[in-house]
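Subject: Structure for your review

Hello,

Please find the structure below, with the sequence. My notes on strands, aromatic rings and a few charged side chains follow it.

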Amino acid sequence: MFTFLVDPAELFTERARQFQSWGVSPTVIARARDRIDDMWGHGRTGWVPVWAEEARRKESEQDWAQAAACWGAARFPCLATADRREAYARQLECFRHASENLPVTFRRYLLDVPYRRQHTRVAAHIYRRPRAVSDQLLLLCGGVDTWKVELHRMALLISLISGLTVAAIDMPGTGESRVPLAADSDLLLAATARQLADLTRCSKTALLGLSFGGHWAAKLALTGRVDAAIDFGGPIGANGTAVDVLGLPHGMAGVIGNALDLPALPGRADADRFSLDFSLRRQGLLSSTSPSPLLAINGTGDPYVPLRDTIALADRPAAEVWLVPGTGHCARERLPRVLPPAIGWLLAELSPRSVRRQLVARTLRAALGDTVTGPRHVVGDHGAPEAVSTRTLTARA
């Protein structure tokens, strides 16, 4: 693991909304923001010490959910230092306390999953609404800096409103994963999905992936290893190359480099190899018929993933694309508005064909009203319309 240059002030500007979505209160975020001026140091104004102080205050109040969220901010954006690894251990322990009083049945499982002719441990957090009768499993996977505990509130909400069994897991190279991020990480995720489906006695599986997790959602749908998938902002490599790692803002090259288990910040050769290895077009998946339904969603102002990476999926026969103008990566500024109809789409695709079309139409009308429009245009990089598939919707949320 290695550290890298990142300005904590810029990181707060870019990630404060994300921390709040994890459950950190705006007051705590503002207080930490005012005090922190050192990303990797151990002094009084260092990132981990300041967040650790906030977390311990919540522990003393036995506010375990807030404590876990603050420890999650402390270990952010990756486990590149010993104090961040300690913070992550404290986050898991606080989350264990918080999970004892949830309005759903919660279980934590440690799976032994085959990968590359060996086995590796995969931790999964399972949410199931009481008396739910669904036999459908939804895997929830974040990206390189948002892991399964940070997805807790989303997992809980989806479980309660949909009745789906939800399993939050870490992407390879993050969290409790014991293997680095790699171009074939989909093999591990697919094997995990199969084990969890057997464990929970579910006959259908789906994957909702955010950020880099969306990449795996798209790949598993394009290869037919889940019954449906939702890709929020995944970098799929539409033009034959994946995202240029070295050009990413806010220290993301260092975060991805740590997930890849590189010894230092990626160089040009590392970045080029990443682009080639991870590109789904180069793997031939964007020229084939998608056997499983796929919904791709992103903001038109994403600074990490080119808009073409999302639009490229629009012409797949089993794919839908929703673009959200005025939003950034994963359309997170409008995520509470976009997520319910996305889950409605998923439920419809997992339902018998006879009720599918009616359920989709009803869900979209109820959730977004007239804010989802079509049918042939989306807003492009400069605000100008671009012609795309008739299955592309523009969510004017």
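Two strands pair if DSSP finds at least two bridges between them. Strands (E, at least two residues) and helices (H or I, at least four residues) are DSSP runs, numbered from the N terminus. This is a predicted model, in which local features need pLDDT of at least 70 and side-chain atom pairs count only at pLDDT 80 or more, while totals for chains, interfaces and linings use all residues. Residues are numbered from 1 along each chain as its sequence is written, and side-chain values use heavy atoms, with hydrogens and water left out.

Strands

Strand E1 (residues 105-115) pairs with E2 in the antiparallel sense, over eleven bridges. Tyr109 has Ala124 in E2 as its bridge partner. The hairpin of E1 and E2 has two residues between the strands, and Arg116 takes a positive phi near 55° there.

Strand E2 (residues 118-128) is also joined to E4, by four bridges, and these two run antiparallel. Here Ile126 has Ala167 of E4 as its bridge partner. Strand E3 (residues 136-141) runs parallel to E4, and five bridges join them. Within E4, Val166 is the residue opposite Leu138. From E3 the chain crosses through helix H6 (residues 152-162) to E4, in a β-α-β crossover that is right-handed (with the strands pointing away from the viewer, the path from the first strand over the helix to the second runs clockwise).

How many residues of strand E4 are buried? Five of the five residues in E4 (165-169) are buried, where buried means under 20% relative accessible area, exposed over 50% and partly exposed in between, with a 1.4 Å probe and protein chains only. Thr165, Ala167 and Ile169 lie on one side of E4, Val166 and Ala168 on the other, and both faces are covered.

Aromatic rings

Rings of Phe, Tyr and Trp (its six-membered ring) pair if their centres lie within 6.5 Å; planes under 30 degrees apart count as stacked, over 60 as edge-to-face and the rest as tilted. The count by this rule is 20 aromatic pairs. One of them is edge-to-face because the ring centres of Phe4 and Trp40 are 5.1 Å apart and the planes are at 70°. Phe4 is in the segment before helix H1 (8-22) and Trp40 is in the loop between helix H2 (26-35) and helix H3 (47-60), so this pair ties together parts 36 residues apart in sequence. Phe4 is buried at a relative accessible area of 8%, and Trp40 is buried too, at 16%.

Ring pairs also link a cluster made up of Phe12, Phe19, Trp22, Trp47, Trp51 and Phe76. The charged end of Arg75 sits over the ring of Trp147, 3.6 Å from its centre (NZ of Lys or CZ of Arg within 6 Å of the ring centre and within 35 degrees of the ring normal).

Glu14 belongs to helix H1 and is buried, with 11% relative accessible area. Its side chain makes a polar contact with that of Arg15, at 2.5 Å. A polar contact is a pair of N or O atoms within 3.5 Å; within protein, one must be able to donate a hydrogen and the other to accept it, and residues adjacent in sequence count only if both atoms are side-chain atoms. Neighbours within four places in sequence aside, Glu14 is in contact (heavy atoms within 4.5 Å) with His250, Tyr304 and Arg332.

Arg273 is located in helix H10 (residues 268-278). Arg273 is partly exposed, at 43% relative accessibility, and its side chain makes a polar contact of 2.7 Å with the side chain of Asp270.

Regards
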